[in-house]
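Thanks for coming. I will go through a few local features, beginning with the aromatic rings. Please have the sequence and the structure open.

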Amino acid sequence: MGRKLFFWTKAILAAFIIALMVRTFAFTSCTIPFSGMENSLYRGDRIIVNKWSYGLRTPLTAWFSYHRWGKCNVRKGDIAVFNNPCPENPQTPVDRREVFISRCMGLPGDTLMLAFPQLDMTPSLILSPDYKSLYAYHRNNEDLLLQTMRQLRIKGNELAGFADSTFIRSFSHYEIYLLRQKLGQTVRFRPLQNTDKENIHPFVVPRKGMKVDIYPWNIRLMQDAIARHEGRKAEIKGDTLFVDGQPAASYSFSSNYYWMVSNNSLNRNDSRQFGFVPESHLIGKAAFVWLSKDPDTGWLGGYRWNRFLQPVK
């Protein structure tokens, strides 16, 4: 009896250690807490995260300096899992912060054309892909467009008007992006508000060693990234950014950064709210859904596994 108990105790302990090692160094499971990633992931879905997708990050970041083994590049369109870059308590170690999930749409060195200048705007409203513009399309495409909008769960885009054979609707930048990805050249959208170009500015996603110029429209985002992630003293006085007490017209970053967005344009739990995501905050890539509550696919997530595993082109 004693030998059997000893055997099973060792077996259970070994299984526990193996499970702990796998969770720490290979894969982990997460539950999607919000609806921001619909139509790819749904609230309540349980996913497996591959921690080796971008290289294994050093565990226990409070004790050890940041490092990655087997580093791999993030691909644009990846659904990435990362730690909250803007926690309530900045002293919280990176690997102990909340876990977020978003789609990577800006890689280090990319230039994004984004709406709304940052000047005179609160940080929670800057760079909003929710900004609506009017688009015209041929009325013969109306039924196909409505069907596609239902598939992509785009709502609240009522018909804004029509002229001759043309219908007009308002879409956000991200909604029109999703529609063009889905419809290709089948439906041609023509923007009607050319003046919107005055509100669109280039935002550079910082790359390690890259010098990024500071403009009125990116000054707040730059100040936040430098102070929060670069560990430098950065403050705005008037229309000038001061770094370590010196006026700065540009800044060279010491790390790679990423721009993350939600699928659902109404959900702001992405880079519009917390800014750039440092490379050190990346945990891994969403590999597959192992349990889904979506009524369209049943309890197993295999159907959606093929849909969200591949990055958006």
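There are twelve aromatic pairs in this structure. Rings of Phe, Tyr and Trp (its six-membered ring) pair if their centres lie within 6.5 Å; planes under 30 degrees apart are stacked, over 60 edge-to-face, and the rest tilted. One of the pairs is Tyr 135 with Phe 171, tilted, at 6.4 Å centre to centre and 50 degrees between the planes. Tyr 135 belongs to strand S8 (residues 132–138) and Phe 171 to strand S10 (residues 166–172), so this pair, 36 residues apart, links distant parts of the chain. Helices (H or I, at least four residues) and strands (E, at least two) are DSSP runs, numbered from the N terminus.

Before I go on, this is a predicted model: local features need pLDDT of at least 70, side-chain atom pairs count only at pLDDT 80 or more, and totals for chains, interfaces and linings use all residues. Residues are numbered from 1 along each chain as its sequence is written, and side-chain values use heavy atoms, with hydrogens and water left out.

Are Tyr 135 and Phe 171 buried or exposed? Tyr 135 is buried at a relative accessible area of 6%, and Phe 171 is buried at 0%. Buried means under 20% relative accessible area, exposed over 50%, and partly exposed in between (1.4 Å probe, protein chains only).

Next come Tyr 137 and Phe 167, whose ring centres are 6.3 Å apart with planes at 80 degrees, so this pair is edge-to-face. Tyr 137 is in strand S8 and Phe 167 in strand S10, so the pair ties together parts 30 residues apart in sequence. Tyr 137 is buried, at 2%, and so is Phe 167, at 12%. Ring pairs join Tyr 135, Tyr 137, Phe 167, Phe 171 and Phe 189 into a cluster.

Now a sheet. Strands S14, S15 and S16 form an open sheet in that order, with antiparallel pairing. Two strands pair if DSSP finds at least two bridges between them. Why is one side of S14 and of S16 left without a neighbour in the sheet? Strand S14 (234–237) and strand S16 (246–248) stand at the edges, and each has a single partner strand, so one side of each has no neighbour there. From one strand to the next, the twist averages 40 degrees. Axes here are lines fitted to C-alpha atoms, for helices over the stretch in contact, and angles run from 0 to 180 degrees between N-to-C directions.

S14 pairs with strand S15 (residues 240–243) over four bridges, and Glu 235 stands opposite Phe 242 in S15. Helix H4 (residues 219–228) packs on the sheet and touches S14 and S15, with its direction at about 155 degrees to that of S14. Contact means heavy atoms within 4.5 Å.

Last, two single residues. Where is His 281? His 281 is in the loop between strand S19 (277–278) and strand S20 (282–291), and it is buried at 4%. Leaving aside neighbours within four places in sequence, the contacts of His 281 include Arg 57, Phe 82 and His 229.

Ser 271 is in helix H5 (residues 271–274) and is buried at 1%. Ser 271 and Val 261 are ten residues apart in sequence, and their C-alpha atoms are 6.1 Å apart in space. Not counting residues up to four places away, Ser 271 touches Tyr 258, Trp 259, Met 260 and Val 277.
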